[in-house]
Amino acid sequence: MEELDIVIVGGGIAGLATSLALHRKGIKSVVLERSESVRSQGAAFGIQTNGWLALEQLGVADKLRLNSLPIPQIRDVMFEKGIKRRESVGLASYGEVRGVIRNDLVRALAHALPLGTLRLGCQIVSVQLDETTSFPIVHVQNGEPIKAKVLIGCDGSNSIVSRFLGLNPTKALGARAVRGFTNYPDGHEFPNEFIRIKMDNVVCGRLPITHKLVFWFVVLLNCPQELDSNLVKKQEDITRLTLTSIGEFSEDWKEMVKNCDMDSLYISRLRYRAPWDVMSGKFRRGTVTVAGDSMHLMGPFLGQGTSAALEDGVVLARCLWRKLGQNSVNSNVSYSASRTQFEEAIDEYIRERRGRLVGLSTQTYLTGCLIEASSPVRKILFVVLLMILFRDRIGHTRYDCGRL
Ligand SMILES: Cc1cc2nc3c(=O)[nH]c(=O)nc-3n(C[C@H](O)[C@H](O)[C@H](O)COP(=O)(O)OP(=O)(O)OC[C@H]3O[C@@H](n4cnc5c(N)ncnc54)[C@H](O)[C@@H]3O)c2cc1C
């Protein structure tokens, strides 16, 4: 059986960020990714100040800034039965917001890793603990099992590692989201702002990435389950469904969807890990833990999923390095002695992250409830709760995950 020190499952944002953070501290890891290439689903996302602070620590922020415009403000517009009820403009973040193409981010992270770190086409099917050493063993489809000293599950929303930890399953929201981007060869004329429009059962967002490229999403609230299988089998089906949903929007929105880059189109049913599960979840079993969506999957309502995954990577690498340093990871310390150190490092990581993640997932959850609420009483309830708990709506962007 192959024996490795630190194994990361999933070469998405959290997995690559964690591996790069460890590498920058001189600690080796191996990332097992099931796709044959670094995955491209998900189009793009907005990254706020806290995410940029994490990217600085990972050494890729300046490279990513070259391809994305700063977005100073956010505009929220609400229509009811065709009538504009509210419009507000505010800061998008304390500091910096930019849209980043997912491919650019994963490539920047992956290219900064040493050769041999990322193993593509490597899907894990289960995890167990070795009966004698209590270290994890990862079973890989069509491959030899791998024994690891530390296993970090960054395998996204349907995580095998979080199931191994015994975490409660994630919950489905009634909503589905379509994400994509559209290229305007002669330049678009949209203002340099993130705009979100809610019209009855649909929420649309648009974020310019460059002067020629915009990222957009359409969230279909209360979307019937049968849409999962029947209507959306091909990219063309996703476009048709999206165009039908935004029938009441202005022509520029419809043109944007019609002319989108078909490869970037991605539809998913929104799921989340309940805030009370983030508060009480047991995120460590032996020397196995989780990061990113596997740990704290949340709806897109604050746009913090990616940034929180980047923060996880920085904090986890720092905690492992503080306890172990590079030498102890690769040294011949006895299995049982080093296992306790690994466990302590993981506990420190969980302790540091939990407060931050409970805040983010609660604010995201309440914001989602407010957006979905149809009765005025429920709307008032969620507005009051948000005002009491999160008076500063964008306070979450001030967070600094600290130095590596
Ligand atoms: C509509 C929408 C809009 C969003 N907008 C934003 C935004 O504006 N800003 C923001 O910060 N976030 C946003 N997010 C959230 C963001 O996309 C996620 O939080 C982020 O991608 C999580 O990264 P991750 O690495 O945890 O998971 P992923 O990026 O999903 O990576 C998981 C990886 O694990 C691999 N994997 C899974 N299972 C296995 C296995 N068994 N073996 C091996 N590999 C495996 C997968 O192939 C994948 O590469 C949005 C989400 C949605 C749905």
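Good morning. What we have here is a predicted model, in which local features need pLDDT of at least 70 and side-chain atom pairs count only at pLDDT 80 or more, while totals for chains, interfaces and linings use all residues. Residues are numbered from 1 along each chain as its sequence is written. Helices (H or I, at least four residues) and strands (E, at least two) are DSSP runs, numbered from the N terminus.

Let me begin with the ligand. A residue belongs to its surroundings if its C-beta atom, placed from the backbone, lies within 6 Å of the molecule. There are 36 residues around the ligand, and G10, G12, G292, G305 and T306 come nearest. Elements that supply at least two residues each to this shell include α1 (13-24), β3 (44-47), β11 (171-183), β15 (266-272) and α11 (305-330). The largest contribution is that of α11, with four residues.

Two strands are taken to pair if DSSP finds at least two bridges between them. On that basis there is an open sheet of seven strands, with mixed pairing and the order β5-β4-β12-β13-β14-β11-β15. Its edge strands, each pairing on one side only, are β5 (83-91) and β15. On average, neighbouring strands of this sheet are turned by 20 degrees against each other, direction ignored. For such angles, axes are lines fitted to C-alpha atoms, for helices over the stretch in contact, and the angles run from 0 to 180 degrees between N-to-C directions.

Consider β4 and its two partners. With β12 (residues 193-199), strand β4 (residues 73-80) pairs in the parallel sense over seven bridges. Along this pairing, Q73 has E193 as its bridge partner, and D76 stands opposite R196. With β5, in contrast, β4 runs antiparallel, and eight bridges join the two. There the bridge partner of M78 is R86.

Helix α7 (residues 235-245) lies across β11, β13 (202-208), β14 (213-220) and β15, and runs at about 75 degrees to β14. Contact, here and below, means that the C-beta atoms of two residues, placed from the backbone, lie within 7 Å.

What does the backbone do at the turn from β4 to β5? In this hairpin, which has two residues between the strands, K81 takes a positive phi near 50 degrees. Most residues other than glycine have a negative phi. K81 counts as exposed because it has 8 C-beta neighbours inside 10 Å. The cut-offs are 20 or more other C-beta atoms within 10 Å for buried, 12 or fewer for exposed, and partly exposed in between, with C-beta atoms placed from the backbone. S134 is found in the loop between β8 (124-129) and β9 (136-140), and counts as partly exposed because it has 14 C-beta neighbours inside 10 Å.

Next, the interior. A nonpolar core is a set of buried Ala, Val, Leu, Ile, Met, Phe, Trp, Tyr and Cys residues joined through C-beta atoms within 7 Å. The largest one has 114 residues, of which A17, L109 and L151 touch the most other members. Helix α11 gives the most to this core, with 11 residues.

L151 touches V7, V9, V127, P136, V138, V161, T287 and V288, leaving aside residues up to four places away in sequence. As for L109, it is one of the buried residues of helix α4 (residues 102-111), together with R102, L105, V106, A108 and A110. Among the elements that cover these residues are α1, β3, α2 (49-58), α3 (61-65), β6 (98-101) and β7 (118-119).

G313 is buried because 30 other C-beta atoms lie within 10 Å. Its C-alpha is 9.8 Å from that of Y349, 36 residues apart in sequence.

Finally, I71 sits in the loop between α3 and β4. I71 counts as buried because it has 21 C-beta neighbours inside 10 Å. Its contacts include A92, V97, F194 and L207. Between I71 and L207 there are 136 residues of sequence separation and 8.1 Å in space, C-alpha to C-alpha.
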